[in-house]
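Me: I would like to go through some labels for this structure and ask what each one rests on. Please set the value against the rule each time.

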Amino acid sequence: MSKDLGKILLAKNDIIIDNWIAAVREHKDIESSKNLTYKSIRDNLPIVLRGLATLLSQPLNNRQQIIEEKGIEHGTIRAEQGYDINEFLLEYGLFRKIIFAVLKPDLVSCSGDEILQTVDTIDSIIDHVIALSLESYIELRLQELQELQSQLILNNQELTRLVAMQKESLSHLAHEFKSPLNSIMGFSSLLLKQQREISSGQDKSLNLQFLEKVIGNSRQLLRLINNTLEMSRIEAGKVPLSLEWINVRSQIQTVVEALEPSARQKNLQVILKCGGAPEQVLSDPLRLQQIITNLVSNAIRYTSEGSITITCEVKNDDKWLIKVADTGVGISPEAQKQIFNSYFRVASVGGYSPDSTGLGLAIVEKLVSLLNGNIELVSELEKGSSFTITFPKIIKLSS
């Protein structure tokens, strides 16, 4: 070649990486990158890029093995970071695009054969890295699926034992299990078929979509089982309280930090009004955090725009309150009468929320009662809802 494009690419390494990270962060369809640091997004791409630059100058060397190793690592890391398959492929598409954009001024002065050779080399190496990354990505997601399956088996065993003792709600529970189980079985069969095709060297693109659906439905089923078990334990009086002096503001902040990505994904503003919160209360931190998490999650689920406001303040010398208000769909007067019943779900314009099990608010009411509290609901259709819970500053266990 009249120009050593490998050296040129190596010299522009930092520019490419910076431009790529900026493009990834700005892309509206790569949501998983929004909460990652610069270093976390960058990952192994600089090493892959340096290897690519070397291969443009010296086609035969040990850089090929390094590129392959880093490509495999990259797929594993993206799976751990929660990327879905579309985000994963979009990132590599941007990577390829920016490399050619940066090299364009230097390619213009090359001959046609040199340009074609350079493009072909870069494309083939990136395609190879993508293929290796996808393999490690699939492997980790399959491992996650196996872990979920193990959890489901253990929880199902306990659920079977509890149902044998308590037949109530069994028919409704079976109905709720039916849809996610059918989906898991169907997509698992397709996944197995795809895995066999992969071993024969055939296409693997649909495999990843099926895998995502299997994992999503498994999580939904696991959530339903966990909530059912929690309700059974509470109703059986098997939820012991562990009381300690806690900082309520810190508890609320922990919940908000965990759920903020979900709110941000829907462009919802989370407003905290905790200036009047008590310094310390004697309560069970785990159960209190569970109550707040369920209420805020519920508010996010049924709010499409606007805000969620969390207020915490002292009510009098003996009591304090926490209020979670949203600007969501609201609850009709008829539905308000059943809102704390097990398996009752509020239907919105688009139907029932796919993430709802109908047990969240029932668990909240049981836990509030367990903590000697009282819960009140005020709601209006199309304007939103607010749940206000009043607790004693010092919980007294019944003897």
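Reply: The largest cavity has a volume of about 30 Å³, where a volume is the space filled by probe spheres set on grid points joined across faces, edges and corners. This is a predicted model, in which local features need pLDDT of at least 70, side-chain atom pairs count only at pLDDT 80 or more, and totals for chains, interfaces and linings use all residues. Residues are numbered from 1 along each chain as its sequence is written, and side-chain values use heavy atoms, with hydrogens and water left out.

Me: Which residues line the largest cavity?

Reply: Lining residues have an atom within 4 Å of a point. Those of the largest cavity are Val48, Leu49, Leu52, Phe95, Ile125, Ile126 and Val129. Helix H4 (45–57) and helix H7 (112–165) each give two or more residues to this lining; helices are DSSP runs of H or I with at least four residues, numbered from the N terminus.

Me: How many residues of that lining are nonpolar, polar and charged?

Reply: Seven are nonpolar, with no polar and no charged residues. Ala, Val, Leu, Ile, Met, Phe, Trp, Tyr, Cys and Pro count as nonpolar, Asp, Glu, Lys and Arg as charged, and the others, Gly among them, as polar.

Me: Why is H2 called oblique to H6?

Reply: The axes of H2 (residues 13–26) and H6 (residues 85–107) come within 9 Å and cross at roughly 140°. That makes H2 oblique to H6, because angles under 35 degrees count as roughly parallel, over 145 as roughly antiparallel, 65 to 115 as roughly perpendicular and the rest as oblique. Axes are lines fitted to C-alpha atoms over the stretch in contact, and angles run from 0 to 180 degrees between N-to-C directions.

Me: Which residues of H2 and H6 meet?

Reply: Contact means heavy atoms within 4.5 Å. Ile15, Ile16, Asn19, Trp20, Ala23 and Val24 in H2 meet Glu91, Leu94, Phe95, Ile98, Ile99 and Val102 in H6. By class, this contact has 10 nonpolar residues, one polar and one charged.

Me: Why is H10 called roughly parallel to H11?

Reply: H10 (residues 248–265) and H11 (residues 285–301) pack at an angle of about 30°, with their axes 10 Å apart. That angle makes H10 roughly parallel to H11. Their contact has eight nonpolar, six polar and no charged residues.

Methods:
1 Å grid on protein atoms, 1.4 Å probe; cavity = no way out; pocket = protein on both sides within 12 Å on 5 of 7 lines; lining within 4 Å.
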